[in-house]
Amino acid sequence: MSIYRAHILLPIDEGTIQSGAIEIKKELEKRIEEENLKEEIKILETGTIGVIGKGVMIVVYPDKVTYYNVTKTNLNNIIQEHIIKGRIAEEVEHSYEGHKPVEKEYKNVGLTREQQRIVLDKCWKIDPESIDDVLAYGGYRGVEKIFSESISPEAVIEEIKNSGLRGRGGAGFPTGLKWSFTRAAKGEEKFMICNADEGEPGTFKDRLIMEGDPHKLIEAMIIAGYAVGANKGYIYIRGEYELSIKRIQKAIDQALEYNLLGKNILETNFSFYLEIKKGAGAYVCGEETALIDSLEGKRGYPRIKPPFPANKGLWQKPTCVNNVETLANIPEIIYKGSNWFKKFGTEKSTGTKVFTILGHVEYPGLIEVEMGTPLREIIFSYGGGIKGGKRFKAALVGGSAGVFLPERLLDVKMDFESLDESKAVLGSGAILVMDEDTDIVDMLFSILKFFAHESCGQCSVCRIGTHQLLNLIYGIRRGQAQEKDIDQMVKIAETMFDMSLCPLGQSLIMPVKSAVENFRQDFLNKIQNKNN
Amino acid sequence: MSREEILKTYDQTSDNLLAILHDIQDNKDEHYLTREDLKKVSDYLDLTYGFVHGVATFYSMFSLKPRGKNIIRVCQSPPCHLMGSTTISKELIKILGIKFGETTKDGLFTLEMTSCLGVCGVAPAIMINDQVYGNLNKQRLYEVIEEKRRVK
């Protein structure tokens with residue numbers, strides 16, 4: 001293996017592909033060849049860097065310089081200046097990792113600002129399709145630690161409990177506790193499932209984890225399977241996520257080859273098999289019992305709980321279901337210890353959280369920061385503030401089933417407890433920012449339309465409730481409504497909260513109530529404008 | 001691959017239903033499932049026809065109607081809505097002369113709505129078959145459609 005003077009990392013994701021990343025890669029390879037640098041420079045295709053809307057990006061290592069909006073023209077400049085002469089190509093837009101921006105000058109603010117990365121630590125530094133690369137970068141050392149130090153499953157669960165890790169899929173249930181339920185459940189055969197049916201609008205963190213560092217998920221599944229006592233695991237991936245499916249499959253194949261999966265892993269008594277199951281487009285399948293039904297080959301209908309999956313899950317056997325981001329924390333917790341993990345975040349919400357910043361911000365994309373980071377910092381510092389210098393109006397936090405937060409709540413800390421106090425939720429970590437010109441009624445309409453379409457139809461409260469809400473907001477939008485219709489919406493949502501079978505129907509109270517409470521004037525304007 | 005060959009690649013357990021339906025559908029130029037397909041699959045997995053039909057109509061990625069060469073899926077989720085997906089939808093209806101759920105007479109395009117595509121960073125976005133097109137405006141949309149028309 002030759003040693004390279006520098007690595008050029010080329011993050012490949014949906015955003016960069018569209019901006020022509022594949023052509024740039026070909027051009028880059030051609031130019032490196034022409035300059036006779038093939039022995040010195042290695043080009044590496046990686047997962048996302050988290051920045052979106054900046055065209056094709058390349059990162060030059062070890063200098064840690066990121067170039068944005070790379071084109072065939074300025075690529076030559078980068079090669080001439082940086083690769084050949086060793087100085088930064090100043091003419092091309094760029095930034096350094098860890099470079100702290102001057103607070104006043106938002107020019108340097110952005111997603112490459114220092115972040116605390118645990119889940120995404122390797123995401124754009126490795127070739128996600130090479131297990132050797134992953135191993136060189138510390139992959140699978142959690143698994144290695146467990147088996148080389150003969151740590152018992154109970155001790156693994158204890159470690160996770162002690163870390164305070166809570167589910168990142170939305171509900172925030174303590175992961176260690178969940179594992180212990182499945183472990184304690186009676187039954188010979190148990191299953192471990194990874195919920196990768198990421199459908200929450202505005203959320204794509206799981207996709208980027210799977211595309212950028214698929215082996216991390218495989219490693220986490222091995223550890224989780226070992227802890228709960230399962231020998232078979234499933235990763236249920238959304239049908240639309242073609243690249244994720246491809247990369248996870250490749251990772252499984254490589255892990256099998258290295259005896260990290262399969263019979264007697266690393267010559268121990270533990271055997272673990274992994275299989276991908278592909279979804280087919282149903283938002284409700286993100287709910288764990290609906291996902292289990294879908295995995296069994298049925299319609300994705302949520303089940304009545306209890307019994308919980310821990311006792312009666314897949315094929316009525318003890319099952320544990322965890323979200324991708326939750327699992328992605330596991331290997332590092334095991335390797336570095338729960339006390340290390342607890343240093344990040346707040347007392348009750350430990351660790352980090354991946355957020356997607358979207359809508360009217362300068363830098364849409366995703367970041368991973370400590371739990372408890374104020375919303376204001378995320379929007380204005382990492383997201384670069386409101387696009388076009390406009391005023392902030394609202395942020396829809398937590399996905400579609402999230403809460404509209406007004407300006408006065410901008411200083412809320414993004415962790416489970418603080419958000420709960422402000423009657424909000426962390427949800428999936430999506431932050432949709434809206435500027436002063438945004439019509440909240442129109443946004444709520446879009447949300448209600450989404451839910452009316454995605455309600456699975458099993459329980460009548462949700463099936464009918466979502467359409468009732470849609471009808472009411474149609475009326476308000478057209479100005480054919482009265483003020484009492486606004487409160488009627490809240491009432492319906494409250495009934496749905498009380499009566500619905502699953503979180504899909506229960507959660508509509510969040511956007512409806514917060515929109516009405518915080519932005520009532522928007523609704524009144526619609527009604528009054530037309531009535532005048 | 002024929003339908004029978006696809007079936008043979010799977011064990012006869014009901015949890016393979018979704019995967020089989022995906023494969024049969026992807027194998028056809030018109031991206032859809034016929035009654036005959038559903039019947040054969042139900043026989044293979046020892047399920048009732050009604051059950052298989054129920055599953056095939058539950059999930060939005062399956063279609064029981066023939067579809068065009070290019071399936072255009074317009075993201076309707078809130079982030080795309082905020083960034084202007086309504087304009088994109090209206091424009092597509094105008095350019096193609098069909099409504100959502102319909103296929104053009106030449107069999108080139110089918111227009112569908114979809115929930116979040118997970119590419120919100122480049123909203124508003126559409127997906128044509130496997131490829132995502134983001135940061136759309138009228139001009140870019142027009143170019144994308146023209147390009148697809150030219151390829152035929």
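Predicted model: local features only at pLDDT ≥ 70, side-chain atom pairs only at ≥ 80, totals over all residues.
**Figure 1. Overall architecture of chain A.** The secondary structure of chain A comprises 21 helices and 14 strands. The domain assignment divides chain A into domain 1 (6-95), domain 2 (131-341), domain 3 (352-435) and domain 4 (440-531). Along the principal axes, the C-alpha atoms of chain A occupy a box of roughly 75 × 60 × 40 Å. The radius of gyration of chain A is 24 Å, which agrees with the value near 24 Å that a compact globule of 532 residues would have.

**Figure 2. Contact between domain 1 and domain 2 of chain A.** The centres of domain 1 of chain A and domain 2 of chain A, taken over C-alpha atoms, are separated by 34 Å. At their interface, seven residues of domain 1 of chain A are in contact with seven residues of domain 2 of chain A. The two domains bury about 550 Å² between them, and 60% of this area lies on carbon and sulfur atoms. One salt bridge is found across this interface. It is formed by the side chains of A:Glu45 and A:Arg247, with an N to O distance of 3.8 Å. On the side of domain 1 of chain A that touches domain 2 of chain A, the residues divide into two nonpolar, two polar and three charged.

**Figure 3. Extent of the interface of chain A and chain B.** The size of an interface is often expressed as the accessible area lost when the parts come together. Between chain A and chain B, the buried area is about 3,400 Å², with 60% of it contributed by carbon and sulfur atoms. In chain A, the residues that lose the most area to chain B are A:Gln18, A:Ala280 and A:Arg299, which together account for 18% of what that side buries. In terms of contacts, 51 residues of chain A meet 37 residues of chain B.

Figure 4. Side chains of opposite charge can pair when their charged atoms come close. One salt bridge is found across the interface of chain A and chain B. The partners are B:Asp15 and A:Lys277, whose closest N and O atoms are 2.8 Å apart. By class, the side of chain A that touches chain B has 21 nonpolar, 16 polar and 14 charged residues.

Figure 5. A:Lys178 and A:Glu288 form a salt bridge, with their closest N and O atoms 3.2 Å apart. This pair links distant parts of the chain, 110 residues apart: A:Lys178 belongs to helix H7 (residues 175-184) of chain A and A:Glu288 to helix H11 of chain A. Over all chains, the count comes to 57 salt bridges.

**Figure 6. Backbone geometry at selected loop positions.** Most residues other than glycine have a negative phi, and most peptide bonds are trans. A:Lys305 and A:Pro306 are joined by a cis peptide bond, with omega about -10°. A:Pro306 is located in the loop between H11 and strand E9 (319-323) of chain A. In chain B, the peptide bond from B:Ala123 to B:Pro124 is likewise cis, with omega near -5°. B:Pro124 is placed in the loop between strand E2 (109-114) and strand E3 (126-128) of chain B. A:Ser150, although not a glycine, has a positive phi of about 45°. The loop that holds A:Ser150 runs between helix H5 (141-148) and helix H6 (153-163) of chain A.

**Figure 7. Architecture of chain B.** Chain B contains seven helices and four strands. From the N terminus on, its elements follow the order α-α-α-α-β-α-α-β-β-β-α. Chain B is divided into domain 1 (3-58) and domain 2 (70-150). Taken over C-alpha atoms, the centres of these two domains of chain B are separated by 28 Å. The C-alpha atoms of chain B fill a box of roughly 50 × 30 × 25 Å along the principal axes.

Note on methods
Residues numbered from 1 in each chain as written. Chains lettered and ligands numbered in written order. Heavy atoms only, no water. Domains from an automatic or database assignment. Contact = heavy atoms within 4.5 Å. Buried area = accessible area lost by both parts, 1.4 Å probe. Salt bridge = Lys/Arg side-chain N within 4 Å of Asp/Glu carboxyl O. Nonpolar A, V, L, I, M, F, W, Y, C, P; charged D, E, K, R; others polar. Helix = DSSP H or I, 4+ residues; strand = E, 2+ residues; numbered from the N terminus. Rg over C-alpha atoms; globule rule 2.2 N^0.38 Å.
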